[in-house]
Amino acid sequence: MSTHLPATPNSSAQAQAPVPPVPLYPLKLSVNGQQQQLHVEAWVSLLDLLRDRLALTGTKKGCDHGQCGACTVLVDGKRINSCLTLAVMQEGREITTVEGMAEGSALHPLQQAFIAHDAFQCGYCTPGQLCSSMGLIAEGQAQTRAQVRELMSGNICRCGAYPQIVAALAEVMQLPAETQEGQAHAPVGMVPA
C-alpha cells in the first residue's frame, strides 16, 4: 500500500506573490489643541493612536476592554474609554488627554485638588480619573458627593483612593459636606454600593 501526499504549492512561488498593502485612512483631529493629520489602519484604537503614534503616554492602557476607565479621555468634551473606539471614528473631533489639562506650568484646578487631597497612590488610574472628573463636571449632573461616587463608578482605583478622589472633586465643584444621614457607610477606600 503506497501513500501519496497531496501536491503542495511551490513555496518559492508563494514567497514571491505580492502581499497587498494594508490600507491606511487619512485622519484629521485636534489633540490637546494641536491639529494632527495622520494615516492609520482601520483597526487602530484611539488609545493606541494616542500612546503609540502621538507619544501621549499619560493615557493608560488598563484592561483594554472598557472596564477600568484608565484610558478615559475627552472627545468633544465628553468622557469616553479610548480603548473602545477606533481612531478613524474620531475624524474632526477635539481630543483632550491628561497632558492637555494644564495651561503651561499652571496645573488645572482638578490636578491641584488631587494633589492636595492625596487622591492617588500608585497613580496608574489618575489620568483617567482626572479626565473623567473633567467630563463629570462638564456634564453638570452631580450635585452631591453620592452622585459623584455613582457617576465616577466607571473609573476603578485598585489602590482604593476613592474617598480622596471624591473629596478632590467635591472641593473643585464646591459641593457641601455630607450630613451624617447622607454619608455612605463603607470602609475607608471602598466605594459604597
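The legends below accompany close-up views of a predicted model.

**Figure 1. The chain as a whole, given as a setting for the close-up views.** In this predicted model, the secondary structure comes to six helices and five strands, and these follow one another along the sequence in the pattern α-β-β-α-β-β-β-α-α-α-α. The chain has 193 residues, of which 37% count as buried. Among the contacts with a separation of 6 or more, 57% are accounted for by residues 24 or more positions apart.

**Figure 2. The crossing of helix H3 and helix H6.** Helix H3 spans residues 109-116 and helix H6 spans residues 162-173, and their axes come within 8 Å of each other and cross at roughly 135°. The two helices are therefore oblique to each other, and the crossing in which H3 passes H6 is right-handed. On the side of H3, the residues that take part are Pro-109, Leu-110, Ala-113 and Phe-114, and they meet Ile-165, Ala-168, Leu-169, Glu-171 and Val-172 of H6. Sorted by class, this contact has eight nonpolar residues and one charged residue, with no polar residues.

Figure 3. When neighbours within four places in sequence are left aside, Leu-169 is in contact with Leu-110, Ser-133, Leu-136, Ile-137, Val-148 and Met-152.

**Figure 4. Phe-114 of helix H3 and the residues around its side chain.** Phe-114 lies in helix H3 and counts as buried, because its relative accessibility is 1%. Although Phe-114 and Ile-165 are 51 residues apart along the chain, their C-alpha atoms are separated by 6.7 Å. Beyond its neighbours within four places in sequence, Phe-114 is in contact with Ala-119, Phe-120, Thr-126, Gln-129, Leu-130, Ser-133, Ile-165 and Ala-168.

**Figure 5. Gln-129 and Ile-156, two residues in contact with each other.** Gln-129 has its place in helix H4 and counts as buried, with a relative accessibility of 2%. Apart from neighbours within four places in sequence, the residues in contact with Gln-129 are Phe-114, Met-152, Asn-155, Ile-156, Cys-157 and Ile-165. Ile-156, by contrast, is found in the loop between helix H5 (145-151) and H6, and it is partly exposed, with a relative accessible area of 30%. With neighbours within four places again left aside, Ile-156 is in contact with Gln-67, Cys-68, Cys-125, Gln-129 and Tyr-162. Gln-67 is 89 residues away from Ile-156 along the chain, yet the C-alpha atoms of the two are separated by 8.2 Å.

**Figure 6. Helix H2 and the strands against which it packs.** Helix H2 covers residues 46-53, and its buried residues are Leu-46, Leu-47, Leu-49 and Leu-50. These buried residues pack against strand E1 (25-31), strand E2 (34-40), E3, E4 and strand E5 (94-96). Following H2 comes Ala-55, which has a positive phi near 55°.

**Figure 7. Asp-76 and Gln-174, two residues with positive phi.** Most residues other than glycine have a negative phi. Asp-76 is placed in the loop between strand E3 (72-75) and strand E4 (78-81), where it is partly exposed, with a relative accessible area of 42%. Gln-174, also a residue other than glycine, has a positive phi of about 55°. Gln-174 belongs to the segment after H6 and counts as exposed, because its relative accessibility is 71%.

Key:
Residues numbered from 1 in each chain as written. Predicted model: local features only at pLDDT ≥ 70, side-chain atom pairs only at ≥ 80, totals over all residues. Heavy atoms only, no water. Axes fitted to C-alpha atoms, helices over the stretch in contact; angles between N-to-C directions. Helix = DSSP H or I, 4+ residues; strand = E, 2+ residues; numbered from the N terminus. Parallel < 35°, antiparallel > 145°, perpendicular 65-115°, else oblique. Left-handed = near helix turned anticlockwise from the far one by under 90°. Contact = heavy atoms within 4.5 Å. Nonpolar A, V, L, I, M, F, W, Y, C, P; charged D, E, K, R; others polar. Buried < 20%, exposed > 50% of the residue type's maximum accessible area, 1.4 Å probe, protein only.
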